[in-house]
Amino acid sequence: MKVGISSPIVALAGRRPAWEAAAGTAELVRVAQVADRLGYAFMTCPDHVAVPPGLPRGERFYDPLATFSFLAGLTTRLRFLPYVLVLPFYHPLEIAKRYGTLDHLSGGRLVLGLGVGNLKEEFDLLGAPFDDRGPRADDALAALRAALSGRTVSYEGPYYAFQDLVIDPHAVQKRVPLWIGGHSERALRRAVTLGDGWAPAPQSFRGPTPELMREMLGRHALPEGFDVVFTPGERLDAVNDPGRAREVIATAEEAGATQINLTVRHESLAHYLEQLEAFAEAAGLDREV
């Protein structure tokens, strides 16, 4: 079981503690470097351009490309997961070039989290079509797969088409993992047919329980190497109760998950890092010596 972190500081959704609102670059770098040293698999960053004030999911959203490009130069193993890029906001070639360059600069440490999106106000603001966003996203996924890891690329689809275009630099991974967000049956089908993994929302944002995850996965023939991301639905205290942390890891495995997206909420940066250390120990992560 691999474990990544739902990054603090970069978004303030879900009743984040006060220290995160006051934190900035130095604290974010500290978290990334500790996670890197402890053997965490990835860190996340959401994707919103501009949102209405008072949005329940919060108003702060760091830009994932800028954030990850900065942190890539300060870490060595940690992978970077935009969770999730809203596909209809971008042309697939934009993602292929910009995030392919991040993969190039980081030595192949990109995982692309991709979703259809549901905030209509943001679609309207950006002039992105909303009603056909599902089929448009499906075509974007196919186009993106065709464009990510090659220098000269071509694609022909119902929404996107390009022929013999050069992308240089491009992703160094031969197959950048595409993890599809969303908690619906449609999202899971999209992940199985067009992606490399399924990264549903946490339970606190209407994501599946472990039992529902197992049931949904059981209805599909999953491709070899297919990843499934599970976000624990409870606040864990790995310092004082490491046994419970190990139980949650076992629950994730039973649900069919291959990756855990760990959310930590504590009243200070010091306590946050202490929890990362303890969970890494409970999970047996491959920490640097």
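At 14% relative accessibility, Asp-196 counts as buried, where buried means under 20% relative accessible area, exposed over 50% and partly exposed in between (1.4 Å probe, protein chains only). The model is predicted, so local features need pLDDT of at least 70 and side-chain atom pairs count only at pLDDT 80 or more, while totals for chains, interfaces and linings use all residues. Residues are numbered from 1 along each chain as its sequence is written, and side-chain values use heavy atoms, with hydrogens and water left out.

**Salt bridges**

Asp-196 meets the side chain of Arg-175 in a salt bridge of 2.7 Å, N to O; the term denotes a side-chain nitrogen of Lys or Arg within 4 Å of a carboxyl oxygen of Asp or Glu. Arg-175 lies in the loop between strand 7 (161-166) and strand 8, and Asp-196 in the loop between helix 7 and strand 9, so the pair ties together parts 21 residues apart in sequence. Helices (H or I, at least four residues) and strands (E, at least two) are DSSP runs numbered from the N terminus. Arg-175 is partly exposed, with a relative accessible area of 48%.

| Pair | N to O distance |
|---|---|
| Arg-175 and Asp-196 | 2.7 Å |
| Arg-219 and Glu-215 | 3.1 Å |
| Asp-132 and Arg-136 | 3.3 Å |

Arg-219 is partly exposed at 47% relative accessibility, and Glu-215 is partly exposed with a relative accessible area of 47%. Salt bridges that share partners also join Arg-37, Glu-277, Glu-281 and Arg-287 into one network. Asp-132 counts as partly exposed at 22%, whereas Arg-136 is buried at 17%.

**Asp-227**

Asp-227, in strand 10 (residues 227-230), is buried yet has no salt bridge; Lys-2, the nearest side chain of opposite charge, is 6.5 Å away. For charge, Lys and Arg count as positive and Asp and Glu as negative, with His and the chain ends not counted. The side chain of Asp-227 makes a polar contact of 3.5 Å with that of Gln-259. Such a contact is a pair of N or O atoms within 3.5 Å; within protein, one must be able to donate a hydrogen and the other to accept it, and residues adjacent in sequence count only if both atoms are side-chain atoms. Beyond neighbours within four places in sequence, Asp-227 is in contact (heavy atoms within 4.5 Å) with residues including Trp-179, Asp-196 and Trp-198.

**Aromatic rings**

Rings of Phe, Tyr and Trp (its six-membered ring) pair if their centres lie within 6.5 Å; planes under 30 degrees apart count as stacked, over 60 as edge-to-face and the rest as tilted. The count by this rule is seven aromatic pairs. Phe-68 and Phe-80 form a tilted pair, 5.1 Å centre to centre with 35 degrees between the planes. Phe-68 lies in helix 3 (residues 64-72) and Phe-80 in strand 3 (residues 79-82), so the pair ties together parts twelve residues apart in sequence. The ring centres of Phe-89 and Phe-123 are 4.9 Å apart and their planes are at 65 degrees, so this pair is edge-to-face. Arg-133 lies over the face of Phe-130, 3.9 Å from the ring centre; a charge sits over a ring if NZ of Lys or CZ of Arg is within 6 Å of the ring centre and within 35 degrees of the ring normal.
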